[in-house]
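Welcome! Let us walk through this structure together, one question at a time.

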Amino acid sequence: MARNLVALAAGLIFGLGLAISEMVSPLKVKAFLDVAGDWDPSLILVMGSAVVVSFVAFRLILRRPQPVLDLKFDIPTRRDIDGRLVGGAVVFGVGWGLVGLCPGPALSGLVYGNVESFVFVGAMLVGLAIGPRLVTLVGAPPVASATPG
Amino acid sequence: MENFTPISALVGGSLIGLSAALLFALNGRLAGISGLLAGLMPAARQDATWRVMFLVGLIVGTGVWLAATGRPVVAFDVGWPVIVGGGVLTGIGTRIGAGCTSGHGVCGLARLSPRSLVATVTFVGVGGLTVFVARHVMGV
């Protein structure tokens, strides 16, 4: 129960951050990616400040043996760079550049009620579901069940 | 650069960092949206309740700001085939690459993960290249 309320609160703060920083706007994100056009560097400051705050917080948090409400920290342990990581990032980069939406803003932006947002999220969920099967088709080892990130 | 909004970017980004810190400190979980969604997929479902709660909060949080300011900021400059194609690619890519802008770009970089650094540089670079080709080469 407490953990679910924490998740709700964390989601709320995250959604507020995406809205205030205007990262919910595909055109704002595309203006960042469009270095050769009318470039808008805002996304660097959004990601940068988010990384700085969480970097400091994570260091302090990891001094504890376990999280406050759970038994262990759920952290990815892999450190190897493989084709799947890079290939996935390439495919995501194309999708991100085409529309200007990544998963967080796509979901939180549903509240604006654009039909495009709902269609995008529907298509994204299909992609999330078939991703592991596509990897199997090209003969690579299967994707681990729930992936962090 | 007249569209540059440094103050709201820093405030919003700090809130995103705060959210990640809260979820990690109390629940021991990393706030990666695509990973959170992947854990809701039928074949890989685990701990569905907190994931759904986070997503509800995400939408409500953005809704609170929308209600407070009344500013509609979501608009698209591409047609339906691109919306659908981009959505599918975003889903496939973040699932296979084990993360998106939040999981790799925020939490992963904050953990100094070499995998996340490579993923982030890759999707930002490819995203930039995609916009360049679409806008300046193909002119759409």
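Q: What area is buried between chain B and chain A, and what percentage of that area do carbon and sulfur atoms give?
A: Buried area is the accessible area (1.4 Å probe) that two parts lose on being put together, summed over both. In this predicted model, with pLDDT of at least 70 needed for local features and 80 or more for side-chain atom pairs, while totals for chains, interfaces and linings use all residues, residues are numbered from 1 along each chain as its sequence is written. Chains are lettered from A and ligands numbered from 1 in the order in which they are written, and side-chain values use heavy atoms, with hydrogens and water left out. For chain B and chain A the buried area is about 10200 Å², and carbon and sulfur atoms give 75% of that area.

Q: How many residues of chain B are in contact with chain A, and how many of chain A are in contact with chain B?
A: Contact means that heavy atoms lie within 4.5 Å. By that rule, the count is 112 residues of chain B and 110 residues of chain A.

Q: How many salt bridges does the rule find across the interface of chain B and chain A?
A: A salt bridge needs a side-chain nitrogen of Lys or Arg within 4 Å of a carboxyl oxygen of Asp or Glu. D82(A) and R115(B) form one, their closest N and O atoms being 3.5 Å apart. Across the interface of chain B and chain A, the number of salt bridges is 4.

Q: Which helix supplies the largest share of the side of chain B that touches chain A?
A: Helices (H or I, at least four residues) and strands (E, at least two) are DSSP runs, numbered from the N terminus. Chain B has 6 helices and 0 strands. On the side of chain B that touches chain A, α1 (6-27), α2 (33-38), α3 (48-69), α4 (80-96), α5 (103-110) and α6 (114-137) of chain B each supply at least two residues. The largest share, 21 residues, comes from α1(B).

Q: Is G93(B) buried or exposed?
A: Buried means under 20% relative accessible area, exposed over 50%, and partly exposed in between (1.4 Å probe, protein chains only). G93(B) sits in helix α4 of chain B. Leaving aside neighbours within four places in sequence, G93(B) is in contact with G88(A), A89(A), V91(A), F92(A) and A98(B). With a relative accessible area of 0%, G93(B) is buried.

Q: Which residues are in contact with E22(A), leaving aside its neighbours within four places in sequence?
A: E22(A) lies in the loop between α1 (2-20) and α2 (26-33) of chain A. At 15% relative accessibility, E22(A) counts as buried. The residues in contact with E22(A), apart from neighbours within four places in sequence, are K28(A), T5(B), R71(B) and V73(B).

Q: How many disulfides does the rule count over all chains?
A: A disulfide is a pair of cysteine sulfur atoms within 2.5 Å. Over all chains, the count is 0.

Q: Which cysteine has the sulfur nearest to that of C100(B), and how far away is it?
A: C100(B) is buried, with a relative accessible area of 1%. C100(B) is in no disulfide, and the nearest cysteine sulfur is 6.1 Å away, that of C102(A).

Q: What percentage of the residues of chain B count as buried?
A: The C-alpha atoms of chain B fill a box of roughly 45 × 35 × 30 Å, taken along the principal axes. Of the 140 residues of chain B, the share that counts as buried is 56%.
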